[in-house]
Amino acid sequence: MTAAVLAPPRHISPAKAAQHGFSLAWRGILKIRKNPEQLIDVTIQPILFLVLFVYLFGGAVAGSTGAYLQNLAPGLLVQNTIMASLSAGVALNTDVSKGVFDRFRSMPIARSAPLVGAVLADIVRYLVAIAVLLITATIMGFRIHTDPGSVLVAVAVLVVAGLCFCWIAVFVGMLVSNPGSVQGIMIAFIFPLTFGSNVFVPSNTMPGWLHAWSDISPVSLLADAIRGLLVGGEVGGPLLGALAWMAGVVLVFFPLAMRAYRRRVG
Amino acid sequence: MSLAIQAEGLVKRFGETVALNGVDLRVPTGKVVGVLGPNGAGKTTAVRILATLLQPDSGHATVGGYDVVRDPVRVRSLIGLTGQYASVDEDLSGNENLVLIGRLLGLSRPAAKARAAGLLEQFELTEAAGRAAKTYSGGMRRRLDLAASLVGHPQVLYLDEPTTGLDPHARNEVWAVIRRLVADGATVLLTTQYLDEADQLADSITVIDHGRVVAEGRADELKRRVGGQTMLVRPTALSDMDIVERILADLTGVNPVRDNDTGLLTAPVSDPVLLSTMVRKLDDAGITADELALRLPSLDEVFLALTGKPAEEVAV
């Protein structure tokens, strides 16, 4: 007897899995479009930071608001991208507790699809965050001194950094019970990390131990690389250091996040 | 008779709690089997195992011939899941939800859109298609859930408490939809805590309680199994209820169901002759009754007899 009906495939092919990831990324982007207020933390907040720091501390730190802005804006881009990278963790944590996640799990789609979808949808958040900050800074007097190619590289570096750092938030998101805790834990981690760097003040005014850390901090290295790419200066050294950090974060947190994710969604 | 779902000896524990304690289930292709039981009886756990969302601690189950543990991807391509847990994305519109599911199931963009439009029409949601699902009424939400589980033309449909929490009007809407699906030949596993729902929709009923199957059969078989008939007594004076309750208990050997509002006492009886005995005993006690009769038991009484709990206590 020959089988009249072809048996459904037993496994999901990688190509199919990628497609599922893209479909769920589309869902994430739709949700951003419907609730633009979820972009507040990566738009309004950095604008406030920019205005506040430039006009309040600019004169004291750099002698003039204009000089400070040239230094601060690239650094804020880094802080902002790292802030934006926590949203995949929040989104997944929110999702897994909802009925719609059971529907996804009961469908013949890749287990990783919701994860891939959340991470890919975040690229849109990174790009919006970068654009809003760059435009505001430009209105305030920030000037790019390099070529469009360097700017594109800077944007790419920021997006890739976001995609690397997001695994920390995904890991935390799969461990704790509610979205508020993900946010709380991640901000308690991101604030010291980004302030303990050369984003807001030059490292050489800090006490020795903090100066030492700030010099090797991934945030400082990334900020230096972005400064180099936007206003000129050394790019290669800081960029290599930053890439090493990003690789390290991915090596440690990607497997941790995947394990926690599998454990959480079964 | 081919079986769409076959489960044997399913056991599932959550810590100390035994959710399923050896459940067997058989759903013939093209039939509707109702799984009836109180809250916490293990209905949803059983559905989640059969939908590959949970793994059983022991026992095994096949859907369409595929093992739910060894071949989950194949099982998932055969089933549609709907009910209190499997749901839709509240932020997306009805249309976007259905298109997303179509895309995930491998339909091209135009095909996914066409399928979504067809289902929205079928479930009378075309007007609300562009609105976010969170703005839908309870009945519309369930209809959208149902539509979502049908996008992939599933061979087997799980309806997990499809009308729990709905008002009677919305419940009727959902029932009408389910009847249409059944008429089209769908195989359905329906869980419910409402007896009339199982009675109305299911070809056969499996009653589970405390993670065990306590009875199965067609509704009328179940009714017959519980001692054939029910004796009803309504004493003229409500103050006589205690005495009548005792007499009825002595006579039938079962604690009667007592309704203090209507003054009605009911108990299953195996022998119709007991009716005349009852008349005599009431006479001896000098009690008059407004109503004294035998009838086939209601499913509520079946439920009480099988689970030891009245259904009303259960369906809160």
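Residues are numbered from 1 along each chain as its sequence is written, and chains are lettered from A and ligands numbered from 1 in the order in which they are written. Because the model is predicted, local features need pLDDT of at least 70 and side-chain atom pairs count only at pLDDT 80 or more, while totals for chains, interfaces and linings use all residues.

The predictor gives the complex an ipTM of 0.84 and a pTM of 0.80. Confidence in each residue is given as pLDDT, on a scale from 0 to 100. The average pLDDT of chain B is 87, and 93% of the residues score at least 70. Helices (DSSP runs of H or I, at least four residues) and strands (runs of E, at least two) are numbered from the N terminus. Among the elements of chain B, α3(B) has the highest mean pLDDT, 96. The lowest, 47, belongs to helix α12 (residues 311-314) of chain B. Over residues 312-316 of chain B, pLDDT stays under 50. Where pLDDT is low, the predicted coordinates should not be read in detail.

Chain A has 11 helices and 0 strands. Its C-alpha atoms fill a box of roughly 85 × 35 × 35 Å along the principal axes. Of the 266 residues in chain A, 42% are buried. A residue counts as buried if 20 or more other C-beta atoms lie within 10 Å of its own, as exposed if 12 or fewer do, and as partly exposed in between; the C-beta atoms are placed from the backbone. Two residues are in contact if their C-beta atoms, placed from the backbone, lie within 7 Å. Among contacts in chain A between residues at least 6 apart in sequence, 76% join residues at least 24 apart.

Chain B contains an open sheet of 4 strands in the order β2-β1-β4-β5, with antiparallel pairing. Two strands pair if DSSP finds at least two bridges between them. The edge strands are β2 (17-28) and β5 (66-67) of chain B, and each pairs on one side only. Strand β1 (residues 3-14) of chain B pairs with β2(B) in the antiparallel sense over 9 bridges. R13(B) stands opposite V18(B) in β2(B). Helix α1 (residues 43-50) of chain B packs on this sheet and touches β1, β2 and β4 (58-63) of chain B. The direction of α1(B) makes about 120° with that of β1(B). Such angles run from 0 to 180 degrees between N-to-C directions, with axes fitted to C-alpha atoms, for helices over the stretch in contact. In α1(B), 8 of the 8 residues are buried, so this helix is largely enclosed by the rest of the structure. Just after α1(B), T52(B) takes a positive phi of about 70°.

Another open sheet of chain B has 6 strands in the order β6-β7-β8-β3-β9-β10, with mixed pairing. The edges are held by β6 and β10 (212-217) of chain B; each has a single partner strand, so one side of each is left without a neighbour in the sheet. Neighbouring strands of this sheet are turned by 15° against each other on average, direction ignored. Helix α5 (residues 138-150) of chain B packs on the sheet, touching β6 and β7 (156-160) of chain B. The direction of α5(B) makes about 170° with that of β6(B).

Within this sheet, β6(B) and β7(B) run parallel and are joined by 5 bridges. G80(B) stands opposite L157(B) in β7(B). β7(B) also pairs with strand β8 (residues 187-192) of chain B, in the parallel sense, over 5 bridges. There, L159(B) stands opposite L190(B). Strand β7(B) is mostly covered, with 5 of its 5 residues buried. V156(B), Y158(B) and D160(B) point one way from β7(B), and L157(B) and L159(B) point the other way. Strands β3 (residues 32-36) and β9 (residues 204-209) of chain B pair in the parallel sense over 4 bridges.

The contact between the chains takes 23 residues from chain B and 23 residues from chain A. On the side of chain B that touches chain A, α2 (72-76), β6 (79-83) and α3 (94-104) of chain B each supply at least two residues. The largest share of that side, 4 residues, comes from α3(B).

Methods: pLDDT = per-residue confidence, 0-100.
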